[in-house]
Amino acid sequence: MTTVRLTVGQAIVRFLARQWTERDGAEQRLFAGCFGIFGHGNVAGIGQALLEAQQTGTDDLRYHQARNEQAMVHAAVGYARMRDRLSTFACTTSVGPGATNMVTGAALATINRIPVLLLPGDVFATRTANPVLQELEDPRSYDVSVNDCFKPVSRFWDRVNRPEQLPSALLAAVRVLTDPAETGAVTLALPQDVQVEAWDWPAELFDRRVWHVARPVPEPAALSRAAGSLRTAERPLIVAGGGVVYSGASAELSAFAEATGIPVAETQAGKGALPWDHPAAVGAVGATGSTAANTLARDADVVLGIGTRYSDFTTASRSLFGRPGVRFVNLNVTAFDAAKHAGETLVADACAGLAALGEALDGWSVPDAYRAEARRLSAGWNATVQRAFDQGHGPLPAQTEILGAVNEQAGPRDVVVCAAGSLPGDLHRLWRPSDPKGYHVEYGYSCMGYEIAGGLGVKMADPTREVFVMVGDGSYLMMAQELVTAVQEGVKLIVVLVQNHGFASIGNLSESVGAQRFGTRYRYRDPVTGGLDGDVLPVDLAANAASLGANVLRAGSVKEFRVALREAVASDRTTVVHVETDPLAPAPGSDAWWDVPVAEVSELASTRDSRARYESDRQAQRPYL
């Protein structure tokens, strides 16, 4: 047997550089590169291996320097999502705080079903120097480290305590990363002494390996049952989720909707599955949805969910699909999601499943009157959106006006990126995407701080598109460091920094539960009241962005903002456009509910009133059994 003598770190880098994926005949690298921040847990192992690969040219795995461990996972997620989960990044950190900083990123990746490989350093496998710096000592077991925190947020987890364990761990890790039904964060914990150990590896471990990503087809009996349910429907509705986009099934969805006449509503991950002006498109669905989609959802007799995991925002906390006897047909590559709401399960790739359903329903269509109703509701909602874009609020602009200006400036292939605060709700309702990749809002975890890092990954995945990162001041303050990485790498982003001096989204939520926006404004502490309700803090986030190397433009009105946007598009540098908005400006509502419990007893009248509304609203919740 031919062998190659390498350290564990060198073997990992060589293996990762030679993994490819294939779908529909197109091949691409599984790992586009490796993000990393080095410390004593990985600098001598993975760090040395990446340096050697770069200087000798033996292994093509480009290293990218990051500023925050959580952020580099977000960047990897943004990249992988843009690449339809067929390509991603590895992320390496030191032991201890560097590793645990990645746990939030791991949760985000797994919740959103996005592949990313995490390589945290670990304590010594030999235990000769215990306790080492940053080691968590667990008196119950010497086999526990902080990396055990990754277990519940990873789809596969292993600790490589001996070199000979590495081949099976690597193959298992890539198997999970490339399986659309199983994918998420994969963690290989690497003890720092093991990383530098040399071993004689079988040469075939480093052969070019292509992982074929299948398109599972529906089981015939399940297909027959699903088609039978749809043929009996009078008011069906499609809920298109992220699985439609990842499968590249937009053309199939369009053809299916046109042939059957079933209107298409979209989740956060599925928004853009159809162009916003498609005849069958009725907009966003759920708690952050359009009144068009939600009106149809309330009276739908059959709901065809395609690639959706039915989050509480999509179902309005199970209060939206209210017709007695409503049935669900769930087309999903993951059996776990296909079985939700006791629906007819159709376990298949979205593209293959839609093609099969289309054939099974050949000649069947909804009544013409239902098609016309959906178009009328959609037209009414589109008029509402335009009024929100043009409302002329003052003296500070409304956030909806800023979104309208960005949407108008963005080209048909450009991408908007967002994650948390009030922006995702407004974007879901109001944004008008023309391309399946034009809308990139992380709302599985809605992680504050994802925006700039995720936007970096999006732009790296497709440099031909302009990327508009929408971020509020709250999220910006949590994680803006990857502006430095964008500048360093020459990756151009357009960051729209919306300043409203607080947590506006939670402020609205706080008010709705009778908590009077407590703790949601950025204010000095008032010496008289003792509360955080004094003057506005003198924070200059635009100056902060400039200090990180970005070009910065300030806008004081919608007119000035439009001018700044055009300048940002024309620039070849990462540009931050800072604009202040009124957090209390009106925005269109969804006419749907979201379940956030309210204190059952209180001395505050505002809380008692909110509790009464809550008791009334929750009556609409259904078990969907």
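In this predicted model, the charged end of Lys151 sits over the ring of Trp157, at 4.5 Å from the ring centre.

Salt bridges were examined next. Side chains of opposite charge can pair when their charged atoms come close. The count for the structure comes to 32 salt bridges. One of them joins Asp24 to Arg215, with the closest N and O atoms 2.7 Å apart. Asp24 lies in the loop between β2 (19-23) and β3 (26-29), and Arg215 lies in the loop between β11 (209-212) and α8, so this pair ties together parts that are 191 residues apart in sequence. The two partners can be set side by side by their accessibility. Asp24 is exposed, with a relative accessible area of 58%. Arg215 is partly exposed, at 22%.

Another salt bridge is formed by the side chains of Arg113 and Asp337, at 2.9 Å from N to O. This pair also links distant parts of the chain. Arg113 belongs to the loop between α5 (103-111) and β7 (116-122), Asp337 belongs to helix α13 (residues 335-338), and the two are 224 residues apart. Both Arg113 and Asp337 are buried.

A further salt bridge brings together Arg140 and Asp138, with 2.8 Å between N and O. Arg140 is exposed, with a relative accessible area of 75%. Asp138 is buried, because its relative accessible area of 12% is under the 20% limit.

Aromatic rings were treated in turn. A pair of aromatic rings is described by the distance of the centres and the angle of the planes. The structure holds 10 aromatic pairs. Tyr310 is placed in the loop between β15 (302-306) and α12 (312-315), while Phe328 is in strand β16 (residues 327-332), so the pair ties together parts that are 18 residues apart in sequence. Tyr310 counts as buried, at 7% relative accessibility. Phe328 is buried as well, at 4%. Both residues belong to one aromatic cluster, which also contains Phe321 and Tyr624.

Helix α14 (residues 350-360) has a set of buried residues. These are Ala350, Cys351, Ala352, Gly353, Leu354, Ala356 and Leu357. They pack against several helices, namely α8 (220-231), α9 (242-246) and α10 (250-260). They also pack against the strands β15, β16 and β17 (344-347). At the start of α14, a side-chain oxygen of Asp349 reaches to within 3.0 Å of the backbone nitrogen of Cys351.

Strand β4 (residues 31-36) is mostly covered, with 5 of its 6 residues buried. β4 runs parallel to strand β6 (residues 88-93), and 4 bridges join the two. Within this pairing, Gly36 has Thr92 of β6 as its bridge partner. β4 also pairs in the parallel sense with strand β5 (residues 63-65), over 3 bridges. Here Cys34 is partnered by Tyr63 of β5.

A cis peptide bond joins Asn130 and Pro131, with omega about -10°. Pro131 is found in the loop between β7 and β8 (156-159). Gly394 and Pro395 are also joined by a cis peptide bond, where omega is about 5°. Pro395 is in the loop between α15 (368-389) and α16 (399-409).

Positive phi values occur at residues other than glycine. Ser317 has a phi of about 55° although it is not a glycine. This serine, Ser317, is in the loop between α12 and β16. At 7% relative accessibility, Ser317 counts as buried. Arg517 is a further case, with a positive phi near 60°. The loop between α21 (504-512) and α22 (541-547) holds Arg517. Arg517 is buried, with a relative accessible area of 9%.

Conventions. Residues numbered from 1 in each chain as written. Predicted model: local features only at pLDDT ≥ 70, side-chain atom pairs only at ≥ 80, totals over all residues. Heavy atoms only, no water. Phe/Tyr/Trp six-rings, centres within 6.5 Å; stacked < 30°, edge-to-face > 60°. Buried < 20%, exposed > 50% of the residue type's maximum accessible area, 1.4 Å probe, protein only. Lys NZ or Arg CZ within 6 Å of the ring centre and 35° of its normal. Contact = heavy atoms within 4.5 Å. Polar contact = N/O pair within 3.5 Å; in protein donor to acceptor, adjacent residues only side chain to side chain. Salt bridge = Lys/Arg side-chain N within 4 Å of Asp/Glu carboxyl O. Pairing = 2+ DSSP bridges.
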